[in-house]
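Subject: Structure for your review

Dear colleague,

Please find below the sequence and structure that I am handing over to you.

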Amino acid sequence: MSDDAYAKAGVSQGDADAAVASLVSALAASPPTESRQVLASGHYANVVRLNDETGIALSTDGVGTKLVLAEQLERWDTVGIDCVAMNVNDVVCVGAEPLAMVDYLAVDRADPKVAEAIGVGLARGAELAGIEIVGGELAQLGELINGLDLAGACFGVVQLDSLVTGASIEPGDGVIGLPSSGLHSNGYTLARKTLADIPLDDERLGRPLGEVLLEPTEIYVKPVVELLRSDVDVRGLAHITSGGLNNLLRLEAEVGYEIEGPLPVPPVFELIRELGDVEDDEMHEVFNMGCGFCVVVVAADEDAALGSLRAHYPDARRIGVATDRAGTVTRP
């Protein structure tokens with residue numbers, strides 16, 4: 001699988017993966033005497049054991065270079081939604097209910113109007129996710145950065161006997177895809193490079209390109225929590241970010257996945273593919289390609305799961321199945 005176009009744009013997924021592996025290895029070299037960590041590294045969130053029954057799920061993430069586009073458009077009221085989404089969508093993947101977040105805003109120079117607009121987005125994201133923003137930090141780092149960076153950390157609670165790790169997934173279980181709202185918050189370095197010659201007010205996609213690219217990341221928490229509270233046997237939850245549907249392999253089961261009927265690919269991805277001459281494999285490595293979240297359920301519960309999820313996402317559908325080909329994801 002090639003990441004040539006992304007690397008030429010300034011981001012090497014291979015280097016990033018190697019750096020994360022090195023960081024995790026260094027942390028593992030000096031483990032605490034008595035660890036409360038429940039899961040191995042590599043899942044969407046981790047869980048800290050409070051007692052024999054309850055765990056706290058934790059995750060952290062940021063908005064990335066989508067912020068460059070927000071600066072170009074001088075519109076900051078949506079990136080806070082992205083910040084919330086990238087965190088809560090990860091926390092719910094372990095079966096936890098997200099409760100609260102803190103945010104971190106690093107700037108070269110503090111601007112009250114920009115900060116207020118970002119706060120509007122954070123508040124809206126919190127409302128959509130059903131959480132609170134309980135604190136944060138604003139750091140002026142003019143010597144380190146040019147512009148700003150926005151990130152956060154989220155925590156939720158989960159009963160340890162209700163953890164969803166993917167370990168119970170078996171061949172034949174169904175994979176349900178939930179549509180994305182667009183690029184979400186991944187791949188913007190490549191997207192901006194390939195679309196650089198198109199004015200942000202160009203409307204070939206039906207509305208201004210800038211609006212399409214700033215469309216906030218979808219927040220899947222409420223529909224997923226509703227499903228978790230039902231009688232459906234939910235065996236795996238995957239937030240589809242960079243890495244595309246290969247994110248399914250972050251689940252713990254020794255299975256593979258066959259994607260038989262992918263969700264429709266929004267036109268913005270086709271435009272990036274065409275103008276950037278990006279190979280299909282790389283598009284699926286960098287972007288979500290129209291599927292922002294996957295739910296893996298026992299085959300007998302597929303209809304019930306779809307009934308619940310389609311109340312929120314009418315276009316949700318079964319996109320594939322778990323297989324006995326461990327470590328592989330195949331698609332048409």
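This is a predicted model: local features need pLDDT of at least 70, side-chain atom pairs count only at pLDDT 80 or more; totals for chains, interfaces and linings use all residues.

How many of the 6 residues of strand β6 are buried? The count is 6 of the 6, so the strand, which spans residues 174-179, is largely enclosed by the rest of the structure. Gly174, Ile176 and Leu178 point one way from β6, while Val175, Gly177 and Pro179 point the other way, and all are buried.

The model has 1 cavity of 30 Å³ or more, and the volume of the largest cavity is about 90 Å³. Its lining consists of Gly244, Leu245, Pro262, Leu263, Val265, His284, Phe287, Asn288, Met289, Cys291 and Ile319. By class, 8 of these residues are nonpolar and 3 are polar, with no charged residue.

The second largest pocket holds about 260 Å³ of space. It is lined by 16 residues, and those closest to its centre are Glu71, Trp76, Asp111, Val114 and Leu148. Two or more lining residues come from each of the elements β3 (97-107) and α5 (112-129). Helix α5 gives the most, with 3 residues. The lining of this pocket comprises 9 nonpolar, 2 polar and 5 charged residues.

Finally, the cysteines. The count of disulfides is 0. For Cys83, the nearest cysteine sulfur belongs to Cys154 and is 10.0 Å away. Since a disulfide requires the two sulfur atoms to be within 2.5 Å, Cys83 is in no disulfide. The relative accessibility of Cys83 is 0%, and this residue therefore counts as buried. Cys291, which also lines the largest cavity, is in no disulfide either; the nearest cysteine sulfur, that of Cys294, is 3.7 Å away. At 5% relative accessibility, Cys291 counts as buried because the cut-off for that class is under 20%.

With kind regards

Methods:
Residues are numbered from 1 along each chain as its sequence is written. Side-chain values use heavy atoms; hydrogens and water are left out. On a 1 Å grid over the protein atoms alone, a cavity is a set of points where a 1.4 Å probe fits but cannot get out, and a pocket is an open set with protein on both sides within 12 Å along at least five of seven lines; lining residues have an atom within 4 Å of a point. Grid points are joined across faces, edges and corners, and a volume is the space filled by probe spheres set on the points. Helices (H or I, at least four residues) and strands (E, at least two) are DSSP runs, numbered from the N terminus. Ala, Val, Leu, Ile, Met, Phe, Trp, Tyr, Cys and Pro count as nonpolar, Asp, Glu, Lys and Arg as charged, and the others, Gly among them, as polar. Buried means under 20% relative accessible area, exposed over 50%, partly exposed in between (1.4 Å probe, protein chains only).
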